[in-house]
Amino acid sequence: MPNTFLGPLHVQREVHGLAVVVRATGEIDEFTVLPLRMELQTALAMATPPYPVVVDLSAIRFFGSSGLNELLTHHRDARATGVPLRIVAAHKAVLRPITMTGLDEVLELHPDVEHALSADRSVWTAC
């Protein structure tokens, strides 16, 4: 059963094989970012390199600077441990802040969870 927070931001964690998916729904700003932070910390602690942690932001309606900071912080943490952090972002509410800050050059973006999970799958099977 996934761990779930209720409120303006709904976040849940799912396990897909050895990959971990964190799904967020609602708005991410300085007042709502805590559940996302906690789930990302847990997901990275659970992660087994080279399997990814996927952050699904496809149901986010507002994505503020606190969300950008969380993604960047966890991108650095994931990279340090050899875990790919993949971001699902395919709509303007999330893509615009990411591209305007240049983080599209840093973060690994995917159009949907299926693509994020299947990226580099040949590397997984070699392990």
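E108 and R86 meet through their side chains in a salt bridge, at 3.0 Å from N to O; a salt bridge here is a side-chain nitrogen of Lys or Arg within 4 Å of a carboxyl oxygen of Asp or Glu. This pair links distant parts of the chain, with E108 in strand β6 (residues 108–110) and R86 in strand β5 (residues 85–88), 22 residues apart. Helices (H or I, at least four residues) and strands (E, at least two) are DSSP runs numbered from the N terminus.

The model is predicted: local features need pLDDT of at least 70, side-chain atom pairs count only at pLDDT 80 or more, and totals for chains, interfaces and linings use all residues. Residues are numbered from 1 along each chain as its sequence is written, and side-chain values use heavy atoms, with hydrogens and water left out.

The whole structure contains five salt bridges. One of them joins E39 to R13, with the closest N and O atoms 2.7 Å apart. Because E39 lies in helix α1 (residues 34–46) and R13 in strand β2 (residues 9–16), the pair ties together parts 26 residues apart in sequence. Another salt bridge joins R37 and E70 at 2.8 Å, N to O. R37 belongs to helix α1 and E70 to helix α2 (residues 65–81), 33 residues apart.

Accessibility is classed as buried (under 20% relative accessible area), exposed (over 50%) or partly exposed (in between), with a 1.4 Å probe and protein chains only.

| Residue | Relative accessibility | Class |
|---|---|---|
| E39 | 1% | buried |
| R13 | 15% | buried |
| R37 | 30% | partly exposed |
| E70 | 6% | buried |
| E108 | 28% | partly exposed |
| R86 | 1% | buried |
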